[in-house]
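Load the model in a viewer and keep the selection panel at hand. The stops below each name what to select and then what is there.

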Amino acid sequence: MLHQELREIFDDLLEHFGPQHWWPGETPLEVVVGAILTQNVAWNNVEKAINNLQGKDLLSVAGLVQVPREELAELIIPTRYYNQKATRLKGFMIMVEEEFSGEMDKLLALETDELRRLLLKSKGIGKETADSILLYAADRPVFVVDAYTRRIFSRLGYVEEKVSYDEMQALFTNHLPADTDLFNEYHALIVALGKDICRARNPLCSDCPLNHRCSYRIAEDGKQPEDNGRDNTEYYENAEDTK
Ligand code: SF4
């Protein structure tokens with residue numbers, strides 16, 4: 001049942017927004033750089049930083065290892081927290097240089113669990129960033145969870161607002177086939193809805209393709225949310241919370 005509902009939500013979003021063509025990076029290396037730089041900042045700021053790096057011919061493992069940290073920080077100023085991000089980006093590329101002969105493809109060829117463990121060991125890379133790299137740079141069927149996912153699916157009545165990353169992820173991975181293309185498009189569509197319609201304040205429910213199934217919308221209309229009969233224990237029990 002959950003499988004069918006999640007597919008219907010996907011279909012409604014796809015029909016409304018169309019294919020999102022993610023990730024907007026040209027190469028796996030650019031996707032990795034973008035995933036690290038996009039933390040807490042909008043993507044257009046990341047694009048400015050990536051353009052700055054390209055302009056200086058630094059968008060390579062060797063380039064990012066060799067560039068002085070201060071110069072790197074200046075080039076990525078548009079992404080905020082640029083000193084911290086410069087240290088993290090450089091540290092990550094040094095690891096690729098030392099452990100994978102500077103070849104990003106070798107790193108990304110690791111088996112999925114091993115790659116995820118290694119990414120999470122890198123300073124400043126959390127689950128969302130690691131899973132973004134797995135899905136969008138390494139083409140692995142890993143569902144990416146972000147703040148939009150939690151907001152939308154708690155409003156839809158599937159999870160608590162404070163749901164953990166692993167519990168939220170398990171909702172999708174336990175009830176959808178492990179399909180890279182599906183997970184890629186699903187996350188991108190969630191971002192499209194969360195960014196412009198299901199906003200934190202004053203969501204535009206009348207424009208939302210999911211409003212016919214949304215508990216929050218029903219509550220906002222002054223009615224009691226319908227009992228949709230969902231039993232959420234199924235995926236909570238299967239969740240592995242490694243936080
Ligand atoms: S109906 Fe409103 S609250 Fe519900 S998912 Fe859509 S925008 Fe968000």
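The model is predicted, so local features need pLDDT of at least 70 and side-chain atom pairs count only at pLDDT 80 or more, while totals for chains, interfaces and linings use all residues. Residues are numbered from 1 along each chain as its sequence is written, and side-chain values use heavy atoms, with hydrogens and water left out.

**The aromatic rings**

Rings of Phe, Tyr and Trp (its six-membered ring) pair if their centres lie within 6.5 Å; planes under 30 degrees apart are stacked, over 60 edge-to-face, and the rest tilted. Phe 153 and Phe 172 come next: with centres 5.0 Å apart and planes at 85 degrees, these rings are edge-to-face. This pair links distant parts of the chain, with Phe 153 in helix H10 and Phe 172 in helix H11, 19 residues apart. Helices are DSSP runs of H or I with at least four residues, strands are runs of E with at least two, and both are numbered from the N terminus. Phe 153 is buried at a relative accessible area of 0%, and Phe 172 is buried at 0% as well.

Now widen the selection to Phe 10, Phe 143, Phe 153, Tyr 158, Phe 172, Phe 183 and Tyr 186, which form one aromatic cluster. The whole structure holds 11 aromatic pairs. Among them is the pair of Phe 143 and Tyr 186, edge-to-face at 5.7 Å centre to centre and 70 degrees between the planes. Phe 143 sits in the loop between H9 and helix H10 (147-155), Tyr 186 sits in helix H12, and 43 residues separate them.

**Helix H9**

Select residues 127-137. How many residues of helix H9 are buried? The count is 10 of the 11, so the helix is largely enclosed by the rest of the structure. The buried set includes Lys 127 and Asp 131, along with Ile 133, Leu 134 and Leu 135.

**Backbone stops**

Most residues other than glycine have a negative phi, and most peptide bonds are trans. Just after H9, Asp 139 has a positive phi of about 55 degrees. Asp 57, not a glycine, also takes a positive phi of about 55 degrees; look for Asp 57 in the loop between helix H3 (43-55) and helix H4 (61-66). Asp 57 counts as exposed, at 69% relative accessibility. Ser 101 is another non-glycine residue with a positive phi of about 55 degrees, in the loop between helix H6 (82-99) and H7.

Then select Trp 22 and Trp 23, which are joined by a cis peptide bond with omega about -5 degrees. Trp 23 belongs to the loop between helix H1 (2-17) and H2.

**The whole chain**

Zoom out and colour by secondary structure: the protein chain has 14 helices and 0 strands. Its C-alpha atoms fill a box of roughly 60 × 35 × 30 Å along the principal axes. Of the 243 residues, 50% count as buried. With contact meaning heavy atoms within 4.5 Å, residues 24 or more positions apart account for 64% of the contacts with a separation of 6 or more.

Definitions and conventions: Buried < 20%, exposed > 50% of the residue type's maximum accessible area, 1.4 Å probe, protein only.
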